[in-house]
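Subject: The model you asked about

Hi,

Here is the structure I said I'd pass on.

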Amino acid sequence: MADPRGFLTTPRKTPTRRPVDVRITDWREVYTEFGADQLERQAGRCMDCGIPFCHSGCPLGNLIPEWNDLVHSGDWRAAAERLHATNNFPEFTGRLCPAPCESACVLGISQDPVTIKQVEVEIINRAWAEGWVPPRRPSPGAQAAGQKVAVIGSGPAGLAAAQQLTRAGHTVTVFERADAPGGLLRYGIPEFKMEKRHLDRRLIQMLAEGTEFRCGIEAGVDVTAAELRTDYAAVVLACGATVPRGLEVPGADFGGIHQAMDYLPLANRAVATAAGEPAISARGRHTVIIGGGDTGADCLGTALRQGAASVTQLEILPRPPDRRPASQPWPTYPAIFRVSGAHEEGGERVYAASTQRFVGDDAGQVSGLVLTEVTPSAGGFAPVPGTEREVRCDLVLLAMGFTGAERGPLLTGLGVEFDGRGNVARDGSFATSVPGVFVAGDAGRGQSLIVWAIAEGRSAAAAVDEYLCGETSLPAPIGPATAPLR
Ligand SMILES: Cc1cc2nc3c(=O)[nH]c(=O)nc-3n(C[C@H](O)[C@H](O)[C@H](O)COP(=O)(O)OP(=O)(O)OC[C@H]3O[C@@H](n4cnc5c(N)ncnc54)[C@H](O)[C@@H]3O)c2cc1C
Ligand code: SF4
């Protein structure tokens with residue numbers, strides 16, 4: 001146990017955010033580190049519970065009490081090894097995960113939970129700084145038995161599957177249609193949430209281990225579905241759930257109304273290349289974001305940094321409660337009111353609001369949005385009479401989620417079946433309806449989280465290894481139907 005009295009003597013601390021007026025002038029990450037002393041004390045709050053519910057809260061099954069204990073006793077190198085035993089990319093989750101483990105922490109029943117996510121990110125930061133994250137090449141014996149595997153998509157699911165399969169001895173090629181690998185980690189999530197140098201450093205490790213990346217190649221077009229099936233012994237589809245939900249209201253075709261995933265990649269590219277103003281920018285514009293989730297918050301922080309005249313974020317659901325409601329007891333991950341870094345920086349959040357129509361000017365550009373307050377009703381939301389009002393806007397960003405995987409040349413060419421929710425259908429072994437073709441991440445699970453995508457990639461890799469070799473020693477943290485704690 002890290003410190004038998006730690007949870008009695010040390011209050012929980014969360015990392016500090018850089019001052020708002022400073023951070024909105026740059027794109028660097030918002031959070032600062034604790035430093036070794038403070039982190040070791042925070043890790044010492046872990047009670048090393050007989051049944052650590054944090055393991056079940058974390059889809060990767062991260063061995064949280066073990067690395068808390070090791071950090072508390074100052075053995076950071078061993079902590080980094082235990083962390084990598086279950087997580088290929090702790091630098092991604094340690095920055096971006098909403099930390100369902102902390103909601104499941106036993107200490108959280110009566111006190112503030114352990115700052116698990118911060119311990120995670122500082123272990124991996126230290127490990128990189130100390131040179132404890134070398135490439136792990138497969139043994140010559142494993143390589144001799146390996147086969148050729150294609151991974152389609154280089155988001156967290158594809159990267160995790162590729163790293164596991166490469167290390168198991170297979171010859172893995174990752175096909176990515178974007179100009180650089182990373183999926184939503186690179187072109188969805190802004191720099192201020194995760195600086196891309198963390199992604200690039202991990203990609204260098206993967207290249208050194210032997211994973212091949214072919215970017216700018218659209219599978220299904222530049223390499224056909226038939227070629228993938230004949231040239232590779234197995235194919236892993238990790239192509240994400242990229243079809244955005246639309247908003248079918250009058251005026252939706254006015255200029256100035258864009259999907260979030262048309263806006264964010266341009267902004268991220270402009271930051272990465274220092275290319276100046278992107279083709280869609282919020283600079284000087286009254287901006288409305290429709291959708292109150294992660295994607296909406298990323299649009300908010302981006303619009304503020306671009307110099308928007310104003311930002312309003314609309315959410316159709318009512319404002320969540322400040323504290324865990326009785327209907328969402330420990331150890332579930334509750335829907336409570338959260339203030340992300342971007343929300344702290346500015347903008348107005350409007351809850352229980354539904355867009356009725358857009359208003360446009362003579363040039364066909366959006367100039368306003370008419371909304372009404374709504375209340376939940378059977379089968380949806382009912383407008384509250386007399387609450388209709390117009391919000392001025394000349395840029396609208398739609399961030400209302402994704403409806404599933406793209407039914408383009410790749411998936412239609414392969415002939416995979418889909419489930420009722422628009423995702424690629426799979427059996428208990430992540431196998432699609434087409435022999436030798438597997439699916440992992442958002443493409444199979446639907447819109448989710450990075451931690452789930454990594455867990456899916458690891459499990460799908462184990463399934464592929466077993467399919468190719470008849471047995472596997474790769475870990476499988478989740479099954480295709482594993483759900484968050486409810
Ligand atoms: C804006 C935004 C912010 C988010 N923020 C967070 C967050 O803070 N924390 C969190 O946990 N989750 C977050 N998420 C969710 C998280 O990013 C996803 O759940 C995760 O990235 C899914 O991983 P994936 O590997 O399945 O797919 P993706 O990351 O979507 O990667 C799929 C890749 O496949 C490629 N591809 C698709 N079709 C083809 C083809 N035919 N040929 C070649 N390549 C192809 C795409 O170009 C893409 O690079 C966010 C999502 C969005 C949209
Ligand atoms: S990956 Fe997420 S859920 Fe798992 S330990 Fe890290 S912060 Fe917690």
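Start with strand E4 (residues 234-237): three bridges join it to E16, and the two strands run parallel. If you want one pair to find on screen, take valine 236, whose bridge partner in E16 is phenylalanine 438. Bear in mind throughout that this is a predicted model.

Those two strands belong to an open sheet of five, in the order E3-E2-E1-E4-E16, with parallel pairing. Strand E3 (212-215) and strand E16 (437-439) are at the edges with a single partner strand each, so one side of each has no neighbour in the sheet. From one strand to the next, the twist averages 20°.

Two helices to look at here: helix H11 (residues 156-167) lies across strand E1 (148-152), strand E2 (171-176) and E4, and runs at about 165° to E2. Helix H20 (residues 450-469) also packs on the sheet, where it touches E1, E4 and E16, and its direction makes about 165° with that of E4.

Now the ligand. There are 37 residues around ligand 1, and the ones that come nearest are Gly153, Gly155, Gly183, Gly240 and Gly441. H11, E2, helix H16 (294-306), helix H19 (442-445) and H20 each give at least two residues to the shell. Sorted by class, that shell has 19 nonpolar, eleven polar and seven charged residues. Domain 2 and domain 3 each contribute at least three residues to it.

On the domains themselves: the chain divides into domain 1 (6-130), domain 2 (140-242 + 403-469) and domain 3 (246-400). The centres of domain 2 and domain 3, taken over C-alpha atoms, are 31 Å apart. Nine residues of domain 2 are in contact with ten residues of domain 3. On the domain 2 side of that contact, four residues are nonpolar, one is polar and four are charged.

One last stop, helix H5 (residues 64-72). Nine of its nine residues are buried, so H5 is largely enclosed by the rest of the structure. The buried residues include Trp67, Asp69 and His72. Among the elements covering them are helix H3 (36-43), helix H4 (53-57), helix H6 (76-86), helix H8 (100-104) and helix H9 (116-130). Just after H5, look for glycine 74, which takes a positive phi of about 85°.

Cheers

Notes. Residues numbered from 1 in each chain as written. Chains lettered and ligands numbered in written order. Predicted model: local features only at pLDDT ≥ 70, side-chain atom pairs only at ≥ 80, totals over all residues. Pairing = 2+ DSSP bridges. Helix = DSSP H or I, 4+ residues; strand = E, 2+ residues; numbered from the N terminus. Axes fitted to C-alpha atoms, helices over the stretch in contact; angles between N-to-C directions. Contact = placed C-beta atoms within 7 Å. Near = placed C-beta within 6 Å. Nonpolar A, V, L, I, M, F, W, Y, C, P; charged D, E, K, R; others polar. Domains from an automatic or database assignment. Buried ≥ 20, exposed ≤ 12 C-beta atoms within 10 Å, placed from the backbone.
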